[in-house]
Amino acid sequence: MSPDTQQWTPIHGQPYRPAPYRPERMPAPESLARAAELRVRMDERRTVRHFSPDPVPEQVVRDAVACAATAPSGAHQQPWTFVLVKDPAVREQIRAAAEQEEQLSYDGRLGDEWLAALRPIGTDAVKTHLTDAPALIVVFQQRYWLGEDGTKHKHYYVDESVGIAVGMLLSALHLSGLAALIHTPSPMRFLSHVLDRPENEKAFAVIPVGYPADDCEVPDLVRKSLDQVLVEV
């Protein structure tokens with residue numbers, strides 16, 4: 001059965017049902033080669049703010065979302081919704097609302113320390129990527145779910161679960177040849193209104209997706225080296 005034909009239903013309160021898991025073990029030389037290649041490819045990933053308006057293959061985006069939805073989650077409750085926004089008029093609405101909030105932030109709501117941290121990145125309140133990119137993925141976290149009788153059931157480790165899923169989404173998009181950006185206008189309540197999302201969902205991030213513009217530039221930054229981020233005990 002194709003994964004797209006399987007319909008998930010809540011397993012809350014059901015007994016534990018084990019299933020065998022016997023993946024074929026990858027030979028060490030192949031594992032080393034794949035890991036080295038993946039490290040190089042992921043090091044090429046950059047956050048892009050200048051997008052080409054050229055369309056992207058929609059199935060690539062759908063497959064990337066499907067990859068993100070395989071992320072681990074607290075109690076396997078999968079507390080996420082991905083809204084793919086292609087309509088230019090809706091993207092214009094999102095940009096207008098986001099820029100209004102961002103202007104307030106840059107005018108003083110962020111504070112001097114935060115503004116100083118952002119200065120090397122070169123950002124401002126103008127968010128052209130929200131309308132230049134041919135697609136936006138708006139990620140929502142589900143704070144709870146409703147049973148058939150309308151009873152609210154809490155989700156667990158929601159922030160952690162959705163954060164992992166977004167990381168996997170960015171990786172899948174990059175490895176599929178597309179560029180992306182994590183945008184988190186604050187506050188983000190307007191996204192629920194614009195996209196008519198239910199009460200149990202809260203906006204987590206806006207991710208423009210597309211190809212870099214021909215004249216795209218990114219900040220000249222250096223990532224921490226492995227020995228700066230890895231501690232071996």
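This note sets out, point by point, how the predicted model is built.

1. Basis of the model. The structure is a prediction: local features need pLDDT of at least 70, side-chain atom pairs count only at pLDDT 80 or more, and totals for chains, interfaces and linings use all residues. Residues are numbered from 1 along each chain as its sequence is written, and side-chain values use heavy atoms, with hydrogens and water left out.

2. Overall build. The protein contains eight helices and six strands; helices (H or I, at least four residues) and strands (E, at least two) are DSSP runs, numbered from the N terminus. Along the sequence the pattern reads α-α-β-α-α-α-β-β-β-α-β-α-β-α. The C-alpha trace spans about 55 × 55 × 40 Å along its principal axes. Of the 233 residues, 34% are buried, where buried means under 20% relative accessible area, exposed over 50%, and partly exposed in between (1.4 Å probe, protein chains only). Among contacts (heavy atoms within 4.5 Å) between residues at least 6 apart in sequence, 81% join residues at least 24 apart.

3. The sheet. An open sheet is formed by four strands in the order S1-S2-S6-S5, with antiparallel pairing; two strands pair if DSSP finds at least two bridges between them. S1 and strand S5 (179–180) are the edge strands, each pairing on one side only. S5 and S6 are joined in the antiparallel sense over two bridges, and Ala179 has Gly210 as its bridge partner in S6. Helix H6 packs on this sheet and touches S1, S2, S5 and S6, its direction making about 10 degrees with that of S6. Such axes are lines fitted to C-alpha atoms, for helices over the stretch in contact, and angles run from 0 to 180 degrees between N-to-C directions.

4. Strand S1. S1 and S2 run antiparallel and are joined by six bridges; Leu84 has Ile137 in S2 as its bridge partner. Because five of the six residues of S1 are buried, this strand is largely enclosed by the rest of the structure.

5. Nonpolar cores. A nonpolar core is a set of buried Ala, Val, Leu, Ile, Met, Phe, Trp, Tyr and Cys residues joined through side-chain atoms within 4.5 Å. The largest has 22 residues, and those with the most contacts inside it are Phe82, Ile137, Val139, Leu169, Leu173, Ile207 and Val209. At least two residues each come from helix H2 (58–68), strand S1 (80–85), strand S2 (135–142), helix H6 (158–175) and strand S6 (201–210). H6 gives the most, with eight residues. Apart from this core lies another, of 15 residues, among them Val138, Phe190, Leu191 and Leu195.

6. Residue Glu101. Glu101 is found in helix H3 and is buried, with a relative accessible area of 19%. Not counting residues up to four places away in sequence, Glu101 touches Arg109, Ser186, Pro187 and Phe190.

7. The second largest pocket. On a 1 Å grid over the protein atoms alone, a pocket is an open set of points where a 1.4 Å probe fits, with protein on both sides within 12 Å along at least five of seven lines; lining residues have an atom within 4 Å of a point. The second largest pocket holds about 430 Å³ of space. Its lining has 19 residues, of which Glu102, Trp114, Leu118, His183 and Thr184 lie nearest its centre. Helix H3 (88–109) and helix H4 (112–118) each supply at least two lining residues, and the largest share, four residues, comes from H3.

Technical notes:
Points joined across faces, edges and corners; volume = space filled by probe spheres on them.
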